[in-house]
Amino acid sequence: MKDRKFTEKKILEAVGSIIENDGFEKLGVNVIAQKAGVSKMLIYRYFGGIDELVAQYLFQKDYWANTDTTIINQSDISGSLKCLFREQIIRLRSDITLKRLCRWELSTENDNIHRLRERREQNGCNLIKIISQLTDSNQSEVASLASIISASVSYLVLMEEQTPTYNGIDLQSHEGWEQIMKGIDLIIDLWTKDVQQ
């Protein structure tokens with residue numbers, strides 16, 4: 001079992017390396033097997049094929065599909081929400097394969113993408129439900145706020161390579177992203193202050 005886990009890890013790392021260096025378009029069983037130093041038959045045996053392998057890779061990389069729904073601290077909901085969005089920014093900005101995943105998802109329709117979206121949606125709805133209950137807020141209000149912030153973060157991170165400045169904010173600098181994070185913090189503070197009154 002240890003050998004299998006080690007081999008699966010090597011295969012998934014090979015997928016990440018190929019995506020990072022060449023993009024999703026270059027993924028293929030032969031290329032992955034060669035990069036991982038394994039037989040392509042192992043890919044079929046362990047993952048069922050390229051689609052399942054890519055799906056498993058996507059599922060482990062996506063931020064919102066894997067966010068732990070138990071991390072919301074009831075005594076500091078505002079701080080917990082700020083941490084969630086800061087982590088989204090950090091993860092997206094520092095992980096080129098995650099950025100490529102986001103871009104690829106925008107132009108791709110297949111079963112893997114649908115499963116990823118379903119998992120992300122389920123996890124997101126669980127988070128929204130928890131936050132709504134803890135703040136005694138309407139779920140639609142929490143969902144709107146979360147959608148606006150998370151979509152804005154994703155958009156700005158994906159734009160930073162092509163559009164270095166957005167509304168006068170330097171998207172390619174640490175200072176620019178600190179400014180954006182402070183804006184997100186302000187939105188969350190205003191909202192939590194309003195719901196706690």
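Predicted model: local features only at pLDDT ≥ 70, side-chain atom pairs only at ≥ 80, totals over all residues.
Some ground rules: local features need pLDDT of at least 70 and side-chain atom pairs count only at pLDDT 80 or more, while totals for chains, interfaces and linings use all residues. Residues are numbered from 1 along each chain as its sequence is written, and side-chain values use heavy atoms, with hydrogens and water left out.

Let's start with the rings. Rings of Phe, Tyr and Trp (its six-membered ring) pair if their centres lie within 6.5 Å; planes under 30 degrees apart are stacked, over 60 edge-to-face, and the rest tilted. That rule gives three aromatic pairs. In one of them, Tyr63 and Trp64 sit edge-to-face, 4.8 Å centre to centre with 70° between the planes. Both residues are buried, where buried means under 20% relative accessible area, exposed over 50%, and partly exposed in between (1.4 Å probe, protein chains only). Ring pairs also join Tyr63 and Trp64 with Phe85 in a cluster.

Tyr155 and Tyr166 have ring centres 6.0 Å apart and planes at 75°, so this pair is edge-to-face. Tyr155 belongs to helix H9 (residues 139-159) and Tyr166 to strand E1 (residues 165-166), so the pair ties together parts eleven residues apart in sequence. Helices (H or I, at least four residues) and strands (E, at least two) are DSSP runs, numbered from the N terminus. Tyr155 is partly exposed at 41% relative accessibility, and Tyr166 is partly exposed at 33%.

Now the core, meaning buried Ala, Val, Leu, Ile, Met, Phe, Trp, Tyr and Cys residues joined through side-chain atoms within 4.5 Å. The largest one has 57 residues, and Ile11, Leu27 and Ile32 are among those with the most contacts inside it. Helix H10 (residues 174-195) gives the most, seven residues.

Leaving aside neighbours within four places in sequence, Glu8 is in contact (heavy atoms within 4.5 Å) with Tyr46 and Phe47.

Last, the pocket. On a 1 Å grid over the protein atoms alone, a pocket is an open set of points where a 1.4 Å probe fits, with protein on both sides within 12 Å along at least five of seven lines; lining residues have an atom within 4 Å of a point. The largest pocket is lined by 32 residues, with Trp64, Gln88, Arg120, Ser150 and Ala151 nearest its centre. H9 gives the most to that lining, ten residues.
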